[in-house]
Amino acid sequence: MKYRPSRRTKRIAISTAALLAVAGMNAPWLIRYGSEQYHEYKINQPGYKADNGKWHVLDVPDEYRINTIHAALLYTGKVLLIAGSGNDAEQFDAKTFRSVLWDPEDDSFTNVPTPADMFCAGHTQLPDGNLLVAGGTKRYETLEGDVEKAGGLMIVSNENPDEPMTLPKGTKFRGKDSGKVFLSQDSLLVPRAEKTEDPETGEVTVTASQARIYVEAERKGEKYSTGATEQYVVMGLEGEDQRNVYGMANKLSFDKKDFQGIRDSYEFDPIAEEYVKVDPMEDARWYPTLTTLEDGRVISVSGLDDIGEVSKKVEVYDPETKEWETLPYERYFPTYPGLFLAQGGELFYTGTSSGYGPADEGRTPGLWDWRTDEFEPVPGLSDPDALETAMGVLLPPAQDQRYMVLGGGGIGESDTVTDKTRIVDLKEDLPRFEDGPDLYEPVRYPSSVILPDDTVLTTNGSGGYRGLSDSNVLKAELYDVETNSSRPVADPLVGRNYHSGALLLPDGRVMTFGSDSLFADEANTKPGEFEQQIDVYEPPYLFQGDRPELVDDAEETQVVELGGSAEFRSKDAGAVAAARLIRPSSFTHVTNVEQRSVELEFTTTADGVSVTLPEDPTLVPPGYYMVNVIDAEGVPSESVWVHVPGPGEDAGEDG
């Protein structure tokens, strides 16, 4: 007899088939969900965290979310986050400029009034703990096709040897041949002409002075552009003044207009938590590098000026007088050059940069004596055509004078990108770059942070210009200076490329911020959005047992002169194997020339540790520093702050 399934069996079979069908349709989701659950389980295991560390997202309330372009650790332990207009032309037009203070101790935030567009400024730590912020944005880039008024560079001459000439913003220049009128976009001071007399013949020679100004056509439209060199009359001047003062310009056109910088300089006061305006620079700068010198002064180089050209002027800021001095020579660097204070007082240029400059000028790394303008190239760099958007680091300890260059790409939107790390020892008789271990992938915009245990954390970056074609890299690694080797650690949570960065916090954690992808998809069709998420990374040493104690019982921050000592209480003094002095970072655009970790001599006392600073100010430029002690297992203490005074500062405890 032929088998006939019962009604119950049929129902079970149908239900099973239906369940299998549903499971089949949902299998990818189930697998993905299961994988995610397992991943979360795995990365939270104690052993995993002890080997790889742990990431988490910082909870930032909406009213404090900004497009963080710059970040600097202050000696109060707070982090100053600067957006300015945040690479947002609408915010620039509305004059909406933002800064936020974050306190990592309690994760509190404060909005800070921001007096100028500090987007793409330079910044550095000053001897008294203030943060110098100089330059920023005067004008956003306008691409060809979007330019509404013809414009360009006007050279204004003054042939009067007796008086300078001041021309206000909006001064009109009329072409002598074309009759076309252009307006100055800023006020302009044209110095008086130079007059010399021949001592033998008594003949007097007058040489006209010159000054530059950016001008735009009075009206919109192609017909107001020019295509040839022409002399211009300064409208509003009469008689001798009109004959003595005149303009000359070549092509005034609708070509792409680059960003333009500002001269403004400010000191951010960490106690008052406000910006204080100081003397402006002589040259406007957008994308400059500021480097603190051994005497506490600050050197400023590069950056696009108020015409949109890379500045060649070299200026030095004196924090005592709060004034800038322009040095009597010029030196070209691409924008945001990696310029580090080297032992001996010279500046080491790693060849790294970000943004603007031709491929054949200012790209050679070397030692620059800024006092004499002598430059000694350092050879051997692999992939020398992939230095833009690379990261430069003074490897710990600073006494060894070994520098690493990590990753990088070609000029502009070039497809060239590298995974090379290159290391040079400046203490060698003939310094030369040698390759270190390869990075996790070829990347632009990697962020590298020196940790207290003499390792360097490098994270993120992208394989393409500004993350093009969905090329963000979600990887991180630790480089061990002692073994000259790298190993992968926990993967970052989000992609970070252009306008991103990272810095060390006093408790040993690392914060990462920013990212400004052009597009949000692989096909490059969906506009990208600025990554406002801030993440915090806990390195492996935070999961490897108890940390050594380091306590400062002084009521105020200890002031320690070079060669001097500071004492701290510690119940773990017997376990201390090393001590480090770490300068707080100031990071933007793959550039952090501040960070350095200095080896300290130490002795144990009856109830703690005494550390002694080096005597060399080129190793320890004046300012505030974090002190860490590290045990034999490589676990560091939390930081304690000390103040290394600059010239003219009183020794003793801070008041």
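A residue is taken as buried under 20% relative accessible area, as exposed over 50%, and as partly exposed in between. By this criterion, Lys78 of the predicted model is partly exposed, because its relative accessible area is 21%. Glu273, with a relative accessible area of 24%, is therefore also assigned to the partly exposed class. The side chains of Lys78 and Glu273 meet in a salt bridge, with an N to O distance of 2.7 Å. Lys78 is located in the loop between strand S2 (70-73) and strand S3 (79-84), and Glu273 in the loop between strand S20 (265-269) and strand S21 (274-278), so the pair ties together parts of the chain that are 195 residues apart in sequence.

Across the whole structure, 32 salt bridges were found. Another of these joins Arg212 to Glu309, whose closest N and O atoms are 2.9 Å apart. This pair likewise links distant parts of the chain, as Arg212 belongs to strand S16 (residues 209-217) and Glu309 to the loop between strand S23 (298-301) and strand S24 (313-318), 97 residues apart. Arg212 is partly exposed at 30% relative accessibility, and Glu309 is partly exposed with a relative accessible area of 38%. A further salt bridge is formed by Asp255 and Lys251, with 3.4 Å between the closest N and O atoms. Here Asp255 has a relative accessible area of 33% and Lys251 a relative accessibility of 49%, which places Lys251 in the partly exposed class.

A contrasting case is Asp521, situated in the loop between strand S39 (510-514) and strand S40 (535-538). Asp521 is buried but has no salt bridge, and the nearest side chain of opposite charge, that of Lys526, is 7.7 Å away. A polar atom of the Asp521 side chain does, however, lie 3.0 Å from the backbone nitrogen of Lys526. Beyond residues up to four places away in sequence, Asp521 touches Ser469, Asp470 and Lys526.

Nonpolar side chains tend to be buried together in soluble globular proteins. In the present model, the largest nonpolar core has 71 residues, and those with the most contacts inside it are Val79, Trp102 and Met511. When residues up to four places away in sequence are not counted, Val79 touches residues including Ala71, Leu73, Val100, Trp102, Leu505 and Met511. A second, separate core of 37 residues includes Val378, Tyr403, Val576 and Val627.

Pro452 occupies the loop between strand S34 (447-450) and strand S35 (455-459). With a relative accessibility of 3%, Pro452 is buried. Its contacts, leaving aside neighbours within four places in sequence, are with Leu504, Tyr541, Arg580, Ile582, Asn628, Ile630 and Pro636.

Strand pairing was also examined. Five strands form an open sheet of mixed pairing in the order S41-S49-S48-S43-S45. Strand S41 (558-559) and strand S45 (597-599) stand at the edges with a single partner strand each, so one side of each is left without a neighbour in the sheet. S41 runs parallel to strand S49 (residues 640-644), to which two bridges join it, and Gln558 has Val642 as its bridge partner in S49. Elsewhere, strand S28 (residues 366-369) is joined by three bridges to the antiparallel strand S27 (residues 347-349), where Leu347 is paired with Trp368 of S28. Four bridges also join S28 to strand S29 (residues 374-377), again in antiparallel orientation, with Leu367 opposite Glu376. S28 and S29 form a hairpin with four residues between them, and Asp373 in the turn has a positive phi of about 65 degrees.

Terms used:
Residues numbered from 1 in each chain as written. Predicted model: local features only at pLDDT ≥ 70, side-chain atom pairs only at ≥ 80, totals over all residues. Heavy atoms only, no water. Buried < 20%, exposed > 50% of the residue type's maximum accessible area, 1.4 Å probe, protein only. Lys, Arg positive; Asp, Glu negative; His and termini not counted. Salt bridge = Lys/Arg side-chain N within 4 Å of Asp/Glu carboxyl O. Polar contact = N/O pair within 3.5 Å; in protein donor to acceptor, adjacent residues only side chain to side chain. Contact = heavy atoms within 4.5 Å. Pairing = 2+ DSSP bridges. Core = buried A, V, L, I, M, F, W, Y, C linked by side-chain atoms within 4.5 Å.
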